[in-house]
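Work through the following exercises with the sequence and the structure at hand. Each task is followed by a solution in steps.

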Amino acid sequence: SRVVKLAVIPGDGIGPEVITEAEKVLDAATSGGDVRFERTRFSLGAARFLETGETLTDTDLDAIRSHDAILLGAVGGVPGDPRLKDANIERGLLLKLRFELDHYVNLRPSKLYPGVPGPLAAPGDIDFVVVREGTEGPYVGNGGSIRTGTPHEVANETSVNTAFGVERVVRYAFELAERRSKKLTLVHKTNVLVHAGGIWKRLVDEVALEHPDVAVDYLHVDAATIFLVTNPGRFDVIVTDNLFGDILTDLAGAVTGGIGLAASGNINPDGAFPSMFEPVHGSAPDIAGQQKADPTAAILSVSLLLDHLGLHDEAQRVTAAVEDDIANRGTAPRTTTEIGDAIAARVSA
Ligand code: NAD
Ligand code: IPM
Ligand code: MN
């Protein structure tokens, strides 16, 4: 029987709460099958840093690298906590994993499931995927500050866009569009960011020649936020840079019923490194430890994980169980555990 080595990083805040439910559903979907998930838990995040001063050691990274895939809850402390100023959990842990493991595709599907009370009066059919570049853009840390803290401070954060990095994620997006509704929208800000926007536009135009049946569209990012609210049904595959993709996918989560439902995969399509699956949301310190978090985003991330591993039937069973749960959710509040139990029960039924 096949063994999948899974690294589990529950993280901080609501991370451990939602991961408990995600693992419960993973167990339900795979129990009795031929695939055994051999799990290693990694204690990483703000809590570990505050205890030990460590963020992500080389030993941690090497150990994680030896797994087949990663399931992550959320990491990070209370925004603005002065004790975490230098730790930089976001850069030193989350982005370090994405960069070191070459997660160049940050896959963020957005679907409005029947029965979800979203904020839009007439949402229409919403079913699109944001292919967010994961290793470049303004995220790389190519910046610095001089005369820091003085009235003459100069602070720069340069967006890095390489032809290699942009082309590979654009190719992935076109291939995904071929398997979906054959519609691809590039989102950028070419009217202002002429250099970064220019390379994205050029490479999309070039790769488009190899996909004559994919309809290609372009939107400036500000206009894209309008259409995500007024006509989200127009989108199928959106390809965009790291920062625009971050912002658009929180908005996409909100229009499809809330951030508690939004799943993501940080994919290394070449398979040289383990891919990492996590909810789009963060550690939500405002509701942590209260059983108020919706674990659905983490559970749908398990579905993406199963799909990535080629376990398509299992992935489909998880998604179907979530759809059923959402359709029958009602308005009575449920705890994190109750939602996880309900979805796991549907998977096993
Ligand atoms: P957040 O996503 O943690 O929270 C934003 C709002 O959404 C909060 O009101 C929160 O209660 C709510 N929310 C989030 N997930 C929810 C869920 N599953 N169910 C119900 N409500 C939910 O964003 P933030 O407050 O900006 O960040 C908190 C910390 O998390 C920061 O340290 C940030 O850097 C970190 N963060 C980590 C990740 C990650 O690990 N992938 C992602 C985003 C933010
Ligand atoms: C996300 C988060 C991260 C990002 C942060 C915590 C580094 O917001 O996964 O969307 O900006 O990518
Ligand atoms: Mn984000």
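**Exercise 1: Strand pairing around β4**

Strand β4 (residues 105-111) and strand β5 (residues 127-133) pair in the antiparallel sense over seven bridges; helices (H or I, at least four residues) and strands (E, at least two) are DSSP runs, numbered from the N terminus, and two strands pair if DSSP finds at least two bridges between them. The model is predicted: local features need pLDDT of at least 70, side-chain atom pairs count only at pLDDT 80 or more, and totals for chains, interfaces and linings use all residues. Residues are numbered from 1 along each chain as its sequence is written, while chains are lettered from A and ligands numbered from 1 in the order in which they are written.

Task: Which residue in β5 is the bridge partner of leucine 107, and how many bridges join β4 to strand β11?

Solution. 
- Step 1. Leucine 107 has valine 131 of β5 as its bridge partner.
- Step 2. Strand β11 (residues 263-267) runs antiparallel to β4, and three bridges join them.
- Step 3. In β11, isoleucine 267 stands opposite valine 105.
- Step 4. Six of the seven residues of β4 are buried, where buried means that 20 or more other C-beta atoms, placed from the backbone, lie within 10 Å of the residue's own.

**Exercise 2: The neighbours of β8**

Task: In which sense, parallel or antiparallel, do β8 and strand β9 run?

Solution. 
- Step 1. Strand β8 (residues 183-188) has five of its six residues buried.
- Step 2. β8 and β9 (residues 215-220) run parallel and are joined by six bridges.
- Step 3. Lysine 183 has alanine 215 as its bridge partner in β9.
- Step 4. Between β8 and β9 the chain passes through helix α6 (residues 194-208), and this β-α-β crossover is right-handed: with the strands pointing away from the viewer, the path from the first strand over the helix to the second runs clockwise.
- Step 5. Strand β10 (residues 237-240) also pairs with β8 in the parallel sense, over four bridges; there, threonine 240 is the partner of valine 187.

How values were computed
A residue is buried if 20 or more other C-beta atoms lie within 10 Å of its own, exposed if 12 or fewer, and partly exposed in between; C-beta atoms are placed from the backbone.
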